[in-house]
Amino acid sequence: MTVLIKNGRVIDPANNLDATKDVRIVKGKIEAIDPPGKINIDEKGKTSVIDAKGCVVCPGFIDMHVHFREPGFEYKETIESGCKSAAAGGFTSVAVMPNTKPVNDTRSVTELMLSQARAKGIVRVYAIAAITQGLAGECLSEMGDLKDAGAIAFSDDGRPVMNNELMRRAFEYSKMFKVPLIQHSEMLDLTEGGSMNEGAVSTELGLKGMPVEAEDIMVYRDIALLEKTGGRLHVAHVSSGNSVDLVRQAKAQGLPVTCEVAPHHFILTDEAVRGYDTNTKMSPPLRTAKDVERIKEGLKDGTIDIIATDHAPHDLTDKQCEYQNACFGIVGLETALPLTLKLVDENIFSLSDAIKKLTSAPADIFNLDSGELSIGKQADVVIFDPDYEYEVDVSKFHSKSKNSPFNGWKVKGKVLHTLVGGKVVYSAAEH
Amino acid sequence: MFKPRSILGANGLKKDEIVTILDTADTFKEISTRPIKKVPTLRGRTIINLFFEPSTRTRTSFEIAGKRLSADVINISGSTSSTVKGENLIDTAQNLEAMNPDILVIRHSQSGAAEMISRNIQCPVINAGDGFHEHPTQALLDLQTIRETKGSLEGLKVAIVGDIAHSRVVRSNIYAMKAMGMEVRLVGPPTMIPVEIQKLGVSVDYYLEKAIQDVDVIMMLRIQTERQNRYLLSSLREYSNLFCLTSKILEKAKDDVLIIHPGPVNRGVEIALDVMESERSLILNQVTNGVAVRMALMYLLLGGSDDSVN
């Protein structure tokens, strides 16, 4: 099967490419990228042609932080529905977090997740396994066996490793397997019972706050440990301006630290919580406008390496309730592109830089064989119209869950086709 | 004429709206002094009190208010816990609404509960206290009590003393008092002053004796013993040493200072017995006025008796 993507603006940050080109895909691999018209359709009828005029053609996006809820919470999301949501959002690779039931802390769970994903064959799924058994924060998981089963990184996401000694040992132990540890940075004793950022808005709404220092203290602790232990730290969903500074300083010292930000943390502030919409409840919580400014600076100067959605599907029953009782988290895969493009419009970064943070940058950090359009590479490609305007409609999401604070938002930038290994796994219904 | 759809909070109430409520409450107050304490204003109307938290004063006050206006009043007390999902709360409210009540009064332990219910039903809602968020009828009855003694509210200085962070009464009073042109000073240990509260246009003080010297009204708040467990207090003894309103401290205050307390009072902890019983204390007047203010709100929400016929 041959696919020809014609006349698109091909942006491939890994190869410093940004030009109008035709892309030919043969047998699932990138075969040629040439000036328009140069590639001939030699086998008539056997080549499927996609006209990408006016659209961007780039490597498929990679989301290193999603929750697909299978096994255990299939009513919120399954690997299949999550993969469909990913494809619709332009993502060709995702990494699933281990807080399933049972927790992904053993080979059998990793294998189950990966085999489910292969069976559905929609997007590539990578497994992030637990740092500690049962996410209990007491005992290290069998990282060697888990890596052998396919785990690419380790995290107790949602349940930070509170114990300092254990975290130190986790860094040391992980060195043997050369795997990064991903921390959800939150000192739980400072945030207990909280449901939003602590500040003027939480005071006004009478909701217990989660102070920003809870994030900063743990980011600092991990960086402090890393200096002696070695190993690799990836800070998940940075939401605090001070934490961005801490990562910047650590990088300046040459420490092996990377970090990500979720789109909602550079788009929304805690002001959005007014009205008690439970779709504004996530952890870390929405912070202040000052934090958002400093996150944008971090994206601009490269301190923040990648954009990851923290796609956290929750059923209506988990969200349609009192704010304090609602589950933390929002779905993100199907809004990530338009929200990221808002920062391009704001001149925070170039379109190419934005794409880099969704493609080659995560591939480099997690050592994935994707995120670029080099000749001979697997053809994971997304084609999107950066100028198409529309209204976000959660009822049309491919995710099982509809918990997004962006419902009804007017946005720009729509995914038209997503190809994984040369196969079209998603095409927009309307354009 | 001020005709609100619901009363979810004091936040957003304008000065003239508050004046309308207080004026209406003044006219209703007389009814409660008659031998036959009942007028037909809300005859045939149904008011449901849905209380998910224990309450004696507020629940009884709403019940009496409704009954004195001839409404049929139904009391429901629910239990709530962190594991009870709000879906049940919305279901409960929608089921009650299906029986066509005219007002739903709700008290709930979680901030935002009243607002959430009002989003999911058409029936007017009165917030009788939600978490640490708002308790608007308490603020209105506090204002009515102060106004009937002082004559007017504009320019009065108020000190509110105690656990500011965990008080819905404080938040409602700040909004209502600021709307009426009053000056609000919050007094308590820093552990009980929520962050950035100054943004609501109030000042903060940690020292009771100094803070009450120039004020016209002192509002004492109930201190809850379980706060000790969250590192907010060393002991009730020390709290009392630092923040109990005693006659000795009151010597520093203005002669005509008024003392109010939303109740229930921890006798001898935040307020000394003799102060509580002194003529400067209006604690029982507040309770009396609570009935009148709630009658006024029910009347205003239902647009007066004439509309009810149509």
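**Entry 1: model and domains of chain A**
I am working from a predicted model. I looked up the domain bounds of chain A. Domain 1 covers 2-57 + 377-430, and domain 2 covers 59-365. I checked the spacing next. The C-alpha centres of the two domains of chain A are 26 Å apart. On the domain 1 side of chain A, 39 residues take part in the contact, and domain 2 of chain A brings 50 residues to it.

**Entry 2: buried area in chain A**
I looked up how much area the two domains of chain A bury. The value is about 3,300 Å², with 65% of it from carbon and sulfur atoms. I then asked which residues of domain 1 of chain A lose the most area to domain 2 of chain A. They are Lys400(A), Asn403(A) and Phe406(A), and together they give 19% of what that side buries.

**Entry 3: polar links in chain A**
I counted salt bridges between domain 1 and domain 2 of chain A and got two. I also noted a salt bridge between the side chains of Asp345(A) and Lys412(A), at 3.5 Å from N to O. Polar contacts across the interface of the two domains of chain A come to 17 residue pairs, both residues at pLDDT 80 or more.

**Entry 4: what builds the domain 1 side in chain A**
I listed the elements that give two or more residues to the side of domain 1 of chain A that touches domain 2 of chain A. They are strand 1 (2-12), strand 16 (381-391), strand 17 (410-420) and strand 18 (423-427) of chain A. Strand 17 of chain A gives the most, with nine residues. By type, this side of domain 1 of chain A has 20 nonpolar, nine polar and 10 charged residues.

**Entry 5: Leu339(A)**
Leu339(A) sits in helix 12 (residues 336-345) of chain A. Is Leu339(A) buried or exposed? Its relative accessible area is 2%, under the 20% cut-off, so Leu339(A) is buried. I then looked up its contacts, leaving aside neighbours within four places in sequence. Leu339(A) is in contact with Pro263(A), Phe266(A), Ile267(A) and Phe406(A). Phe406(A) is 67 residues away from Leu339(A) along the chain, yet their C-alpha atoms are separated by 9.5 Å.

**Entry 6: domains of chain B**
I repeated the look-up for chain B. Domain 1 of chain B is 15-134 + 287-302, and domain 2 of chain B is 136-283. Their centres, taken over C-alpha atoms, are 25 Å apart. The contact joins 29 residues of domain 1 of chain B to 27 residues of domain 2 of chain B.

I counted five salt bridges between the domains of chain B. I also noted a salt bridge of Arg147(B) with Asp26(B), whose closest N and O atoms are 2.7 Å apart.

**Entry 7: what builds the domain 1 side in chain B**
I looked up which element gives the largest share of the side of domain 1 of chain B that touches domain 2 of chain B. Helix 1 of chain B does, with nine residues. This side of domain 1 of chain B divides into 12 nonpolar, seven polar and 10 charged residues.

Terms used: Residues are numbered from 1 along each chain as its sequence is written. Chains are lettered from A and ligands numbered from 1 in the order in which they are written. This is a predicted model: local features need pLDDT of at least 70, side-chain atom pairs count only at pLDDT 80 or more; totals for chains, interfaces and linings use all residues. Side-chain values use heavy atoms; hydrogens and water are left out. Domain bounds come from an automatic or database domain assignment. Contact means heavy atoms within 4.5 Å. Buried area is the accessible area (1.4 Å probe) that two parts lose on being put together, summed over both. A salt bridge is a side-chain nitrogen of Lys or Arg within 4 Å of a carboxyl oxygen of Asp or Glu. A polar contact is a pair of N or O atoms within 3.5 Å; within protein, one must be able to donate a hydrogen and the other to accept it, and residues adjacent in sequence count only if both atoms are side-chain atoms. Helices (H or I, at least four residues) and strands (E, at least two) are DSSP runs, numbered from the N terminus. Ala, Val, Leu, Ile, Met, Phe, Trp, Tyr, Cys and Pro count as nonpolar, Asp, Glu, Lys and Arg as charged, and the others, Gly among them, as polar. Buried means under 20% relative accessible area, exposed over 50%, partly exposed in between (1.4 Å probe, protein chains only).
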